[in-house]
Amino acid sequence: MSRPTIAKIDLDALRHNYGLAESLAPGSQTIPMVKANAYGHGAIEIANALASMAPAFGVACIEEAIALRDANISQPILLLEGTFTADEVVQAEHYNLWLMVENQPQLDAILAADLSHQIKVWLGVDTGMHRLGFQPKDLAAAYSTLKESRNVHNEIVVTSHFACADDLNSQATNKQIATFDQHLPSDSDQALPLTSLANSAAILAWPAAQRDWQRPGYMLYGNSPFAQPQANADQLRPVMSFESAVISVREIAAGESVGYGATWTAEHPSRIATVAVGYGDGYPRHAPNGTPVLINGVRCPLVGRVSMDMITVDVTDIQASIGDKAILWGPALPVNEVAAVCNTIGYELLTRMPARVPRAYL
Ligand SMILES: Cc1ncc(COP(=O)(O)O)c(C=O)c1O
């Protein structure tokens, strides 16, 4: 018998979501984003589960890529922020990594490296997010410099990232696409480069963003990037079910309070269930009173402060006993809903889940 806190990971749901991303852009190659431990789901297991379908994987840094290589993942791996230091270029060659090139120092490091093979690069252009990427006016020069380099594979992907694709009413995405298309460099024979634009929100809702490569992250894990229903996103299947169990049940009188700081006081006689999950497991400490928790399949309100290892839930209106199942988020309680109550996004809740929570792959 061990602590009941667990994250169950449904790999069929993952593959369904990957298939949905592929089906929405049949002409594109679909490269799963498995950075940040595959958004908390376990990068190695997620990459293994998609290995027969995915042509490459995307991570944030070389350490994440090497961890996949050490686990025998053989696909090319794209470093989404490129290199942080010049010596990573040689390592990238060794590990068969693709490099995002977002600025002049990264570009210079590639030109200066002593390589025996050409490496593949993705050239980033800033079309409006203003975080990374070359300015559109500098794109053509960067592209032709890379094209001429003996260190760079001839097939360069030009790419950009959207700031507002999750806002279906914003014109920013169309503006970014137009800027991208206007500044796309061409080769001496007028051939256009390969391109990549779409993240999850764009794959689901902005068909004009379909290009040679698409880069889904959040949608793979089965949650919608949108705040409102959206026909394609509604077909996603949540991959993670974050579960624990009731470890104590007690009756308290009206006027008694619960938890650290006595931040919730019972207005009438109440039954309180203690569940074995807390902020040490990635459950948000700032979850307010009323945050929904499923106990025996029924939505019950969190009451009192979240502790490191436990939460307290008002189960006055249901039957609840020690050992009963509690679900913090999962298919029946979207992580987006919990996140919204906690004034954050599902991305953060999933990504912050610590190693302490065992993952069980189903
Ligand atoms: C460059 C890039 N592409 C794709 C993604 C995937 O985004 P999402 O998880 O919204 O699909 C990210 C995530 O931050 C990213 O930084």
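# Exercises on a predicted model

Asn72 is placed in the loop between helix H4 (62–70) and strand S4 (77–79); helices (H or I, at least four residues) and strands (E, at least two) are DSSP runs, numbered from the N terminus. The model is a predicted one, in which local features need pLDDT of at least 70 and side-chain atom pairs count only at pLDDT 80 or more, while totals for chains, interfaces and linings use all residues. Residues are numbered from 1 along each chain as its sequence is written, and side-chain values use heavy atoms, with hydrogens and water left out.

**Exercise 1. Describe the backbone and the exposure of Asn72 and Asn343.**

Step 1. Most residues other than glycine have a negative phi.

Step 2. Asn343 belongs to the loop between helix H10 (335–341) and helix H11 (346–351).

Step 3. Buried means under 20% relative accessible area, exposed over 50%, and partly exposed in between (1.4 Å probe, protein chains only). Asn72 has 68% relative accessibility and therefore counts as exposed. With a relative accessible area of 74%, Asn343 is exposed.

**Exercise 2. Determine which residues of helix H6 are buried, and what they pack against.**

Step 1. In H6 (residues 104–112), the buried residues are Gln106, Leu107, Ala109 and Ile110. Viewed down the helix axis they fall within an arc of 160°, so they line one face of H6; the arc is that of the directions from the helix axis to the C-beta atoms.

Step 2. Pro105 and Ala112 are exposed on the other side of H6.

Step 3. The packing partners of the buried residues are helix H5 (88–95), strand S5 (97–101), strand S6 (121–124) and helix H7 (136–148), where contact means heavy atoms within 4.5 Å.

Step 4. At the start of H6, the backbone nitrogen of Gln106 has a side-chain oxygen of Asn103 within 2.8 Å.

**Exercise 3. Carry out the analysis for helix H7, and locate Tyr143 within it.**

Step 1. Pro136, Leu139, Ala142, Tyr143 and Leu146 are buried in H7. These residues line one face of the helix, because they fall within an arc of 105° seen down its axis.

Step 2. The face turned away from the buried side carries the exposed residues Lys137 and Glu148.

Step 3. The buried residues of H7 pack against H6, S6, strand S7 (157–159) and helix H8 (172–183).

Step 4. Tyr143, located in H7, has 3% relative accessibility and so counts as buried. Apart from neighbours within four places in sequence, its contacts are Leu123, Ile156, Val158, Pro185, Ser186, Asp187 and Pro193. Ile156 is 13 residues from Tyr143 along the chain, with 8.1 Å between their C-alpha atoms.

**Exercise 4. Characterise the surroundings of the ligand.**

Step 1. The ligand is surrounded by 13 residues, of which the closest are Lys35, Tyr39, Ser200, Tyr218 and Tyr347; a residue is near if one of its heavy atoms lies within 4 Å.

Step 2. The shell divides into 6 nonpolar, 4 polar and 3 charged residues. Here Ala, Val, Leu, Ile, Met, Phe, Trp, Tyr, Cys and Pro count as nonpolar, Asp, Glu, Lys and Arg as charged, and the others, Gly among them, as polar.

Step 3. An N or O atom in the side chain of Lys35 is 2.7 Å from an oxygen atom of the ligand. For a polar side-chain atom of Tyr39, the distance to a ligand oxygen is 2.6 Å. For one of Tyr347, it is 2.5 Å.

Step 4. Taken alone, the ligand exposes 390 Å², and the protein buries 87% of that; accessible areas come from the Shrake-Rupley method with a 1.4 Å probe.

Methods:
Polar contact = N/O pair within 3.5 Å; in protein donor to acceptor, adjacent residues only side chain to side chain.
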